[in-house]
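Hi,

Here is the structure I promised to pass on to you. Have a look at it first, and then read my notes below.

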Amino acid sequence: MMVDGVPLARLLDEFEAQCTQSNEIIAAHSLDDVGKDPEFRPTLRWMVIHMVEETARHVGHLDAMRELLDGQKGYY
């Protein structure tokens, strides 16, 4: 997401810092640990897999937009 007045390099640095923090949190816990929300208690494993799914979904959206813009298909 581009933000007026914020350079891309800063956004990428902030994204990298957030990824580092997330990796540290994941490394400090068991994948079988559960969340603290009393109504929905997913395991850390579920949370990580969910984030992989969400990332893949959004990358797929970007790939579809790229194909519409340049007319080139991916490797399939």
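The chain has 2 helices and 0 strands. Helices here are DSSP runs of H or I with at least four residues, strands are runs of E with at least two, and both are numbered from the N terminus. Please keep in mind that this is a predicted model: local features need pLDDT of at least 70, side-chain atom pairs count only at pLDDT 80 or more, and totals for chains, interfaces and linings use all residues. Residues are numbered from 1 along each chain as its sequence is written, and side-chain values use heavy atoms, with hydrogens and water left out.

**Overall shape**

What radius of gyration does the chain have? It comes to 17 Å, while a compact globule of 76 residues would have one near 11 Å. That radius is taken over C-alpha atoms, and the globule rule is 2.2 Å times the number of residues to the power 0.38. Along its principal axes, the C-alpha trace spans about 45 × 35 × 25 Å.

Buried residues make up 7% of the 76 residues. Buried means under 20% relative accessible area, exposed means over 50%, and partly exposed is in between (1.4 Å probe, protein chains only). The accessible surface of the chain is about 7,000 Å², and carbon and sulfur atoms account for 62% of that. Those areas come from the Shrake-Rupley method with a 1.4 Å probe, and for residues only the protein chains shown count as cover.

**Charges and salt bridges**

There are 7 positive and 14 negative side chains, and the centres of the two sets lie 4 Å apart. Lys and Arg count as positive, Asp and Glu as negative, while His and the chain ends are not counted. Each charge is placed at NZ of Lys, CZ of Arg, CG of Asp or CD of Glu.

Side chains of opposite charge can pair when their charged atoms come close. How many salt bridges does the structure hold? The number is 6, where a salt bridge is a side-chain nitrogen of Lys or Arg within 4 Å of a carboxyl oxygen of Asp or Glu.

One of them joins the side chains of R57 and E54, at 2.5 Å from N to O. Both residues sit in helix α2 (residues 44-70), 3 residues apart, which is about one turn of the helix. R57 is partly exposed at 43% relative accessibility, and E54 is partly exposed too, with 24%.

R66 has two partners to look at. With D70, the closest N and O atoms are 3.2 Å apart. R66 and D70 are 4 residues apart in helix α2, so about one helical turn separates them. Salt bridges that share partners join D63, R66, E67 and D70 into one network. Within it, R66 also bridges to E67, with the closest N and O atoms 3.9 Å apart. R66 is partly exposed at 30%, as are E67 at 29% and D70 at 39%.

**A nonpolar patch**

Which residues form a nonpolar patch on the surface? They are F40, W46 and M47, with about 300 Å² of accessible area together. Patches are made of residues with over 30% relative accessible area and no salt bridge; like charges are joined within 9 Å, and nonpolar side chains (Val, Leu, Ile, Met, Phe, Trp, Tyr) within 5 Å. F40 lies in the loop between α1 (8-27) and α2, and F40 is partly exposed, with a relative accessible area of 47%.

Next, find R10 in helix α1; R10 is partly exposed at 45%. From R10 to D63 it is 24 Å, C-alpha to C-alpha, and the two are 53 residues apart in sequence.

Last, H61 lies in helix α2 and is partly exposed, with a relative accessible area of 45%. Its C-alpha atom is 26 Å from that of Q21, and the pair is 40 residues apart along the chain.

Cheers
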